[in-house]
Amino acid sequence: MGYRAIMIVEDDCAIGEALRDVLVEEGYQVQLLPNGQEAVDCLRRNTQVPRLIIVDLLMPVMDGRHFCDELTRDPELAGIPVVVISGAARLGEQAGDLEVVECMTKPIDLRRLLHTIETHCPGQSG
């Protein structure tokens, strides 16, 4: 993954694909994975890590909370900024203690998301 690479970890295909399409249109390289376990496995296999990860809080196999815990325990991955997204009614309570740069409820405010991403992935690739 290159300089403006983003990983989306989302089990809802429609939401994941919509986010991917918007971000590709904005010039980002995007990788979409269906759960936290596949994302952790992918991150550990790759030599280049994404500049930012967008992760759903509620997913099967490995949820967003456990995914964030895995990242913080791995020194090579701990510094990647994470944005948590969720349809959970009490997102602040469920994600408040996670080390993330932003928590957003679904439906996603795309302007806010793009601003957050640009803060952590500025400039053009190359």
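## Packing of helix α3

In this predicted model, where local features need pLDDT of at least 70, side-chain atom pairs count only at pLDDT 80 or more, and totals for chains, interfaces and linings use all residues, the buried residues of α3 pack against β1 (5-9), α2 (36-45), β3 (52-56) and β4 (82-86). Residues are numbered from 1 along each chain as its sequence is written, and side-chain values use heavy atoms, with hydrogens and water left out. Helices (H or I, at least four residues) and strands (E, at least two) are DSSP runs numbered from the N terminus.

Helix α3 spans residues 64-73, and its buried residues (under 20% relative accessible area, 1.4 Å probe, protein chains only) are Gly64, Phe67, Cys68, Glu70 and Leu71. They cover an arc of only 160° around the axis, taken from the directions from the axis to the C-beta atoms, which puts them on the same side of α3.

## Cysteines

No disulfide (a pair of cysteine sulfur atoms within 2.5 Å) is found in a search of the whole structure. For cysteine 68, the nearest cysteine sulfur, that of cysteine 103, is 8.4 Å away. Cysteine 68 is buried, with a relative accessible area of 4%, whereas cysteine 13 is exposed (over 50%) at 54%.

Methods
Contact = heavy atoms within 4.5 Å.
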